[in-house]
Amino acid sequence: MFKLALKTFMFLGLKIILASPVQAAENRWTHFGVRPLAMGNAFVSVADDFNALFYNPAGLARISSWDGELLNPAISFGTNTSDSFSEVLELFKSDSEKLANILNALEDKTGKNLHFAIDWAPHLIFRNFGFGLGLRIGGDLTAHSDIEIEVKSGLDIIMPFSYAKNFLNDRLSVGATVKARIFAGVKENFDIESIDEFQSSNDSSETDDNKIVTAGNGLGGDVGILFTPIQTMEPTLGISITDIGGTKFSKRGDPAKAPENILASVNTGFSFKPYNTKFSYVRVAVEAHSINQPIHYSKKLHFGTEWAVSSIFSIQSGLNDGYLSGGFEFDVGLLNLRYATYAVDHGPIVGLNNDLVDRRHVIQAKLLL
């Protein structure tokens with residue numbers, strides 16, 4: 001079934017024509033949370049909930065009580081994906097030339113990233129300590145002008161175990177994480193030669209699998225600090241380094257190849273609360289992520305705001321990849337609903353081509369614990 005599905009993807013991509021190639025890559029330096037994404041992903045200097053496990057472990061030292069979630073599935077999809085799915089369904093209703101109509105319709109989607117994933121982030125955190133799981137099943141598909149199909153899909157897991165401690169009368173928080181990372185799936189660019197070789201093979205072989213399947217595990221580490229010199233407006237400097245020294249993967253299984261190493265990411269930011277009362281607050285955060293990596297600065301800057309009423313309801317907004325993000329969180333104990341919308345620009349520089357921008361939506365629900 002996997003081989004048939006992959007053949008179908010590759011065959012459909014042969015008709016796609018694009019004016020210029022595109023770098024279809026999202027800088028996923030950690031397991032992104034729904035609330036942070038709604039805030040433009042500016043969360044390194046905030047880190048005040050379980051997402052501290054992934055963004056900045058120092059935040060665990062500032063959590064006042066324990067928190068746990070077990071059933072909290074999330075679905076994320078791009079506008080390009082939903083539009084394409086709707087168009088293909090309509091074309092299937094046609095009685096004639098179904099395949100030709102589908103291929104012609106896909107030409108309009110050339111170079112656009114098609115994204116769909118299911119996330120799960122169970123966790124248990126206490127003051128100073130926490131552990132969790134960031135799991136994603138799904139991926140991305142993009143076709144390029146030189147008849148090349150880029151497929152990134154599979155099972156991606158991050159398992160962090162974090163500890164943090166306060167110093168200087170709780171003004172300075174320092175944290176560290178040890179995390180296991182696992183990936184099993186496909187991360188491959190298929191050109192005409194590889195597609196022809198794949199389609200001409202009648203039986204799967206170790207050689208073919210070795211070109212397609214990627215599977216491995218690695219062990220990495222993160223460190224982070226939060227510094228709040230005064231309580232008035234809570235101005236906070238946040239710094240985190242994820243995958244210190246780079247996380248290297250070991251191959252799992254003879255037919256597979258090891259995933260690419262994950263580069264270290266140096267992230268920093270500043271947040272404060274211009275309005276803060278006992279029952280509500282407004283928070284503002286400005287951050288730069290992956291400042292040590294060779295990507296354009298327009299993809300490194302993040303801006304976020306949040307307005308919260310007690311612990312029941314909050315609204316977030318921000319800028320991610322230079323485009324507006326937003327969302328909300330509604331928590332009544334046994335039921336927690338989270339929503340975020342944000343954009344990913346798959347060009348090398350933000351704003352070069354609007355056709356390379358994918359507007360995404362994430363919906364998450366927590367049930368019971």
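Student: Let's start with the strands. In β10, which residue is the bridge partner of I225?

Tutor: Good place to begin, and keep in mind that this is a predicted model. β9 and strand β10 (residues 236-242) pair in the antiparallel sense over 5 bridges. Within that pairing, the β10 residue that partners I225 is I239.

Student: And in β11, what is the bridge partner of G216?

Tutor: Here we look at strand β9 (residues 213-227) and strand β11 (residues 249-251), which run antiparallel and are joined by 3 bridges. For G216, the partner in β11 is K251.

Student: Now the rings. Are the planes of W29 and Y55 stacked or edge-to-face?

Tutor: Theirs is an aromatic pair, and the structure holds 8 aromatic pairs. The ring centres of W29 and Y55 are 5.5 Å apart, and their planes meet at 85 degrees. Planes over 60 degrees apart count as edge-to-face. So the pair of W29 and Y55 is edge-to-face.

Student: How many residues apart in sequence are the parts that W29 and Y55 tie together?

Tutor: W29 lies in the loop between α1 (2-13) and α2, whereas Y55 lies in helix α3 (residues 52-55). Because they sit in these two places, the pair ties together parts whose separation in sequence is 26 residues.

Student: What about F328 and Y339: which kind of aromatic pair do they form?

Tutor: Their rings are 6.0 Å apart, centre to centre, with 35 degrees between the planes. Stacked planes are under 30 degrees apart and edge-to-face planes over 60.

Student: Which strands hold F328 and Y339?

Tutor: The pair ties together parts that are 11 residues apart in sequence. F328 has a relative accessible area of 34% and is partly exposed, and Y339, at 23%, is partly exposed too. As for their strands, F328 lies in β16 and Y339 in β17.

Student: Which residue lies over the face of Y281?

Tutor: A charge can sit over a ring, and one case is K187, at 4.4 Å from the ring centre of F183. For Y281, the distance to the ring centre is 4.3 Å, and the residue over its face is K273.

Student: By class, how many residues in the lining of the second largest pocket are charged?

Tutor: That pocket has a volume of about 1200 Å³. Of the 41 residues that line it, the closest to its centre are R35, D48, D49, Y281 and R283. By class, the lining has 13 nonpolar and 13 polar residues, and the number of charged ones is 15.

Key: Residues numbered from 1 in each chain as written. Predicted model: local features only at pLDDT ≥ 70, side-chain atom pairs only at ≥ 80, totals over all residues. Heavy atoms only, no water. 1 Å grid on protein atoms, 1.4 Å probe; cavity = no way out; pocket = protein on both sides within 12 Å on 5 of 7 lines; lining within 4 Å. Points joined across faces, edges and corners; volume = space filled by probe spheres on them. Nonpolar A, V, L, I, M, F, W, Y, C, P; charged D, E, K, R; others polar. Phe/Tyr/Trp six-rings, centres within 6.5 Å; stacked < 30°, edge-to-face > 60°. Helix = DSSP H or I, 4+ residues; strand = E, 2+ residues; numbered from the N terminus. Buried < 20%, exposed > 50% of the residue type's maximum accessible area, 1.4 Å probe, protein only. Lys NZ or Arg CZ within 6 Å of the ring centre and 35° of its normal. Pairing = 2+ DSSP bridges.
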